[in-house]
Amino acid sequence: MSRVLDIRDLYLRFRGYTGVTDVLHGISLHIDAGERVALVGESGSGKSVTARIVLGILQELRTARIEGSLEFEGQDLNKLTRRQWHALRGTAMSMIFQDPTSSLNPVFTIDTQFAEVLRRRDPDLSNADATSRAAELLESVSIHDHARVLKSYPFQLSGGMNQRVMISMALANRPSLLIADEPGTALDVTVQAQTLKLMHDLVEESRTAVFFISHNLGVVREFADRVYVIYRGRIVEQGPTAAIFENPGHAYTRALMAAVPRITGGGIPEINDVNPAFLDPLVRHDGDAI
Amino acid sequence: MTPILSLRNVSKTFGSGDTVVHAVRNVSFDVVPGECLAVVGESGSGKTTLANIILGVYGQSGGEIWFDGKLLPARRTLEHRSAIQLVQQNPLSSLNPKRSVGASVRLGLDVYGIGNKSDRWSLVEQALQEVGLPPEFRRRPPAALSGGERQRVAIARALACQSRLVVLDEPTSSLDVLVQARVLRLLNGLRRDRGLSYIFITHDLSVVRNVADRVAVFKDGRLVECAPTQAIFEAPQQSYTRQLIAAVPVVSEEELHLRRKLAEGTTR
Amino acid sequence: MKRTMIILLSNPLSLLGVILVLLVVVLAVFADFIAPFPEHRGSVVDFVYFNKAPTARNIFGSDLVGRDLFTRVIYAYRISLILGVVVLAISMPIGTVVGLLAGYLGGKVEFVLMRLTDVFLSIPPLVLAIAMMGVLEPTLMNAMLAVTAMWWPWYARLVYNIARSECEEGYVLAAEVIGASTFHIVFREILPNCLPAIITKMTLDMGFVIIIVSSLSFLGLGVQPPTPDLGSMVAEGARYLPDSWWLTVFPGLAILIAVFGFNLIGDALREIFGAEQ
């Protein structure tokens, strides 16, 4: 099983006028080929910055200080030049974002945006080839009226449609790693369900590894093979999805589980959202090799 | 018991000629005093338009609204306005970034003339305390508060107006899970203690199950189904309702069970 | 506020801006004490020291009738700053109110106000000012009037755009649902959110006003002799280049320093306020 992503002891600090802010306190996680791994946490936990570090875009902030080991398909990312890292984005690793309509460029039609994506891998692609490949990709996400969609602007399409377009663009160049930042959050619940199922099927087929960032435990449960729970820049629990959900070990994970409302009822329990036990050490479930 | 709010055949159309949008079509329902009625629907269901009509942001194209047994005109008086208040989804946007949190809470007091001018700051502090915030917060700008704290300020603002019906438009959708639990408990508690009525608009059915007495399901501007919460979840009559519940991502086995049962179309 | 000051002072460019502007302001305010020959700001003739290159006595040299150029430059700063402040103090409120009302009320009000604004905006500023001065007597007051008349639309447009986007924000809806008066919503809710942009623009405008007034004076339409004005000095001295170079260079540099200083501060403010969004 080849390791697609390997993060070890990652630290992130920001230098500001007022001093240094520590955001990540040495997190470690890994993703193997074909795995779907979720990073679950609330806002401020550091989950989104982690994704941006893997993509290399956080490093462009002058105030950011990063330490730790980052390996992608065996390559040490820290040793890459900006250019090399840029070459990976959109080809070997890609990302989809929370709000599909605002993540697509509003002034270009869908086919232009597809062409741009496809040319990252194949710069000499002709317009005709780009269009036919785009049509194939749209078909793979169950969009059948290709011609209309390709000629449309993002604001002319629904949120669900844009999300599917974005997914197909992200998978267009057959990346080894797909990073999904809260996918489906901005969508209606029925559309979100369809989108997640679609993502599931597509990555099954292409064996793309997925790094899934979310605060929604239900979505994580349905989609992820393994879960890392992050609290305030520290991984507090990790393990296979079933193990984490059936038997949460860490105080924070247990609080999260208890706080999620159930469709079977049961009321809203009283939860202490500031509990020193949340800083307890990592709980690791068996079956999660390092 | 007279319903606190009654809608009869309410419709709202936007635009004219070719670009007519029927946002709300012939909607009728009641809100019982002290209850929490959940309004559930996806985008395009008309729930936001409905909320705006109830709040008097604009008038309806057809139909009537009754508050406490009296007809509500499209042009609201201050008395009407103070009785029906709003808590919005995004507290970062619903609080003026250039004004202190206390000033935002105080606005209603000034507009409705509640209390003496000199007492109003202490009324503001009281409202903040009732939502679990320290009174000193009144001087802070919204940016200095967390998302959950800001939302509690928005709730305090509605409370300070001494309203009887609160329209909550996705009040916890932009909050983290733990914070959401806290805010939902606060909302439930306030409703009980003060005899408030809520119209709780949300897309999150798992929240609905735990806060609402009755649920009104909307689709394309129409009221599809309206029933007590337990009935909606265990024996939904409409397939759309069943679809909605089946799409909810769940965390436990028993919920999966319920979803599977509904997806199969089995009803008790 | 304090944070803004700290950031302004810690960035080398904006610090330079602050220093330059402070220099200009101090020179203008304390002109009476700093100028070596205060009476030279008026009609004085001194044929002993006329048209002299810079020396210890006249550090910027002397002009064609013997007046000390340094003195005249400092007094010219005073005039420019006063003009700038007055023009902005009048045009900013007018433009802001127009923009706020048009942005919030919409409908016919918006249509009328913004089309009026468009008319003024479509005329190149200097052309409008020249046209007005052609009709009116070329006095300082009239020059200020002309410049003000063409300045307010820019504020109207700026504030209109911001007001329109702020109207989409939740706090405006919240105030409307509560039933606050239009006055309250426009002036106590929306206006404070427009202030950062307005202040930034005013700072940048100071430099701009100085240039426009100088241009008018250069054309003989602004400040009249013997009142010193940087533009007039540049105009008068231009034909004596390159021999009596100091007649143009020092007033020109003075304009440059003032405008540059204000621009640096304005740029820094724009970044600070922009980052806060």
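**Reading the model**

Modeller: We start with two domains of chain B: their C-alpha centres lie 29 Å apart. Domain bounds come from an automatic or database domain assignment. Here they give domain 1 (33-52 + 74-228) and domain 2 (235-268). A word on the source: this is a predicted model, where local features need pLDDT of at least 70, side-chain atom pairs count only at pLDDT 80 or more, and totals for chains, interfaces and linings use all residues. Residues are numbered from 1 along each chain as its sequence is written, while chains are lettered from A and ligands numbered from 1 in the order in which they are written.

Biologist: How many residues of domain 1 of chain B are in contact with domain 2 of chain B?

Modeller: Two residues are in contact if their C-beta atoms, placed from the backbone, lie within 7 Å. By that rule, 7 residues of domain 1 of chain B touch 8 residues of domain 2 of chain B. On the domain 1 side, α8 (205-211), β9 (214-219) and β10 (222-228) of chain B give two or more residues each. That side has 4 nonpolar, 1 polar and 2 charged residues. The classes are simple: Ala, Val, Leu, Ile, Met, Phe, Trp, Tyr, Cys and Pro count as nonpolar, Asp, Glu, Lys and Arg as charged, and the others, Gly among them, as polar.

Biologist: How do I read strand pairing?

Modeller: Two strands pair if DSSP finds at least two bridges between them. In chain A, β1 (residues 3-16) and β2 (residues 19-32) run antiparallel and are joined by 11 bridges. They form a hairpin with 2 residues between them. One bridge partner pair is Tyr11(A) with His25(A) in β2(A).

Biologist: Which strands of chain B form an open sheet, and in what order?

Modeller: The order is β2-β1-β4-β5, with antiparallel pairing. β2 (21-31) and β5 (70-71) of chain B each have a single partner strand, so one side of each lacks a neighbour in the sheet. Helix α1 (residues 47-55) of chain B packs on this sheet and touches β1, β2 and β4 of chain B. Its direction makes about 60° with that of β2(B). Axes are lines fitted to C-alpha atoms, for helices over the stretch in contact, and angles run from 0 to 180 degrees between N-to-C directions. Within the sheet, 5 bridges join β1 (residues 5-14) to β4 (residues 62-67) of chain B. Among the partners, Arg8(B) is bridged to Glu64(B) in β4(B).

Biologist: Is Ala243(A) buried, exposed or partly exposed, and why?

Modeller: Count neighbours: a residue is buried if 20 or more other C-beta atoms lie within 10 Å of its own, exposed if 12 or fewer, and partly exposed in between, with C-beta atoms placed from the backbone. Ala243(A) has 19 such atoms within 10 Å, so this residue is partly exposed. Its place is in helix α10 (residues 241-246) of chain A. In chain C, 43% of the 277 residues count as buried.

Biologist: What is a nonpolar core?

Modeller: In soluble globular proteins, nonpolar side chains tend to be buried together. A nonpolar core is a set of buried Ala, Val, Leu, Ile, Met, Phe, Trp, Tyr and Cys residues joined through C-beta atoms within 7 Å. The largest one here has 241 residues, and Ile199(B), Phe200(B) and Val147(C) have the most contacts inside it. Helix α4 (residues 69-105) of chain C gives the most to this core, 17 residues. Beyond its neighbours within four places in sequence, Phe200(B) is in contact with residues including Cys36(B), Leu168(B) and Val211(B).

Biologist: Which pair of chains has the most contacts?

Modeller: Chains A and B, among the 2 pairs that touch. That contact takes 31 residues from chain A and 32 residues from chain B. On the chain A side, α9(A) gives the largest share, 5 residues. Chains B and C also touch, through 19 residues of chain B and 13 residues of chain C. No contact joins chain A and chain C.

Note on methods:
Helices (H or I, at least four residues) and strands (E, at least two) are DSSP runs, numbered from the N terminus.
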